[in-house]
Amino acid sequence: MISKTVSELFQENPKHQDVEVKGWVKSFRANRFIALNDGSTLRNIQCVVDFETMAEDLLKRITTGSAIQVKGTLVESQGKGQAVEIQVSGIMVLGDADPELVSKTILQPKRHSLEVLREQAHLRARTNTFGAVMRLRSSLSFAIHSYFNKNGFNYMHTPIITGSDAEGAGEMFRVTTLDPKNPPLTETGKIDYSKDFFGKETNLTVSGQLEAETYAMALGKVYTFGPTFRAENSNTSRHLAEFWMIEPEVAFMDLEGNMDLAEDFLKSVLEYILEHNATDLEFLENRLEQEEQTKPKHERSTMRLTEKLKFVIDNNFVRLSYTEAIEILKNSKPNKKKKFKYPINEWGADLQSEHERYLVEKHFKSPVILFDYPAQIKAFYMRLNEDEKTVRAMDILFPGIGEIVGGSQREERLEVLKKKMADLDIPEEELWWYLDLRQYGTAVHSGFGLGFERLVMFATGMGNIRDVIPYPRTPQNAEF
C-alpha cells in the first residue's frame, strides 16, 4: 500500500478505502483519538483507535511528538470541522518521544512566545505557526521562479565570495584562510592578503547585482535568487546578517519598464499564495487578529492579512517622484503637528518607514512607487539624471512595512560612472570589469532587488524577520 500525505487524504472522497499515512502525533485523547500531522498541511487528520484491540504497551508509546505509521479505512467523519477520518486497523511507532522530555519543549500543546520558539528553532517548524510560515515561504519561492521562467528570464548563480562591495557600505564579512594569530604582514605592517587563499581581500557578498548586470548584457533577461550577507550590528526586527535576495536585471529596459516589471512581479507571486495557501493564510490571519487585540487601539492594523495582499493585487501602484513625495510629507498633518519621529524639513532627506507608510496607508491608500531620488542618498551605479542632482532610482512602498523593493536604471555611460566612483572614493581597479562592460556595446539596462524575507513578512503578517527564515543569523547569534 502506498502511503499518502495528510493533505492528499483531505482531498479524497471517503469510499471506505484502505489508506496508510505517516506523521507526528499532535495529541492523543482518551486512548481513542489521535490528531496526526505530517507537515503537508496545517490541518491534522483524526485517527480513531479501538483501544480494546490495541496492545497496552503500544498505546503507551503513542505520545505527543512521536512518529507513527497508521493503517486503516478512510471514512466520512462523524465530528465537526473535518470531512474525513481514519478508522485505525494498525499502528506502528516509528520514533518514540519521551513525554518528560516533550514537556520541556515547545512540542507540548500550549501557546508559546515567539522568543521561546526561536530558542528551539530546530523544533519550531512542528508548531502550527511556523509550519504555516514555512509552507508559505516555499510557495513564494516556487512562484518567484515560475514567474521569471514564464517571462523568459535566465536564472543566474552569482558568486557568494566576492572582492567587491556592491553597496559601498563596507559592512561585509571577511573570508580568509590566514592564521588569525599570526597573519603575514606587508613591509608597512598591514595584513598581506596576497598570501591569502584568493590572493586578495575577499568577503561574503551583499548583492549579486553587479555580476547579474554582466550577464544581462549577454542573455538579455536574468535574475538571481540566493543568499546575501551584511555585517551590520543591528538587532531590529527588520535586519538579518544572512538573508536571501531576488535581483532581476534586464538589458534595453529603462526605469519605466523596471517599474512595470516589479509591479507585475509582486502582484503575480502574491496572487499565487492567495490561490494555493488559503488554509495557512486563514490561520495566520486569525493569529494576527488575536495579536492585534493586545495592542493599543492607535497601533492596530486597519487591514486584515488577506486584505493587505488584495490591496497590493487590486490597486494600480501610484507613481510619483521623490520631490513630489517630499512636498506631500512636508505639508502633511503628522509633520506639521510634529508627530513624525523624523520630521521632514527639506529636500534631500532620507525617507523613513513612517514616511513611506504615511504615503501608502494615509495619503494615497495604494501601493506607491517613488522615483528620481537625490543622488547623494543612493548607490553609485544608478543613472544620473540630466539635472545632475537626482538618479533614476525607484523604491516600492507597501502597507505595514514601507519599502519592499529598491531598484534603478543602471548607469551605462563609462565616463559618468567613473566620475561617480571617484567622487565616492571607489577604486577603479576594484571594479575594472564592471567599468569594462561599458566599452563593449553599452546599453540602457535596469533591475531591482527584493529582500525575500521582507516579502515573506508581508505575506505572513509576521512582525519579526527572525520568524520567517528557518535559522536566523543575527549579532551574537549563529545557533543551530
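Mentor: The second largest pocket is lined by 32 residues, with Glu299, Arg357, Glu361, Gly400 and Ile401 nearest its centre. This is a predicted model, in which local features need pLDDT of at least 70 and side-chain atom pairs count only at pLDDT 80 or more, while totals for chains, interfaces and linings use all residues. Residues are numbered from 1 along each chain as its sequence is written, and side-chain values use heavy atoms, leaving out hydrogens and water.

Trainee: What makes a residue part of the lining of a pocket?

Mentor: A lining residue has an atom within 4 Å of a point of the pocket, which is an open set of points on a 1 Å grid over the protein atoms alone, where a 1.4 Å probe fits, with protein on both sides within 12 Å along at least five of seven lines.

Trainee: Why is asparagine 464 called buried?

Mentor: Buried means under 20% relative accessible area, exposed over 50% and partly exposed in between (1.4 Å probe, protein chains only); asparagine 464 has 16% relative accessibility, so it counts as buried.

Trainee: How do you know that lysine 4 and glutamate 12 form a salt bridge?

Mentor: A salt bridge needs a side-chain nitrogen of Lys or Arg within 4 Å of a carboxyl oxygen of Asp or Glu, and the closest N and O atoms of lysine 4 and glutamate 12 are 2.4 Å apart. Lysine 4, at 27% relative accessibility, therefore counts as partly exposed, and glutamate 12, at 23%, also counts as partly exposed.
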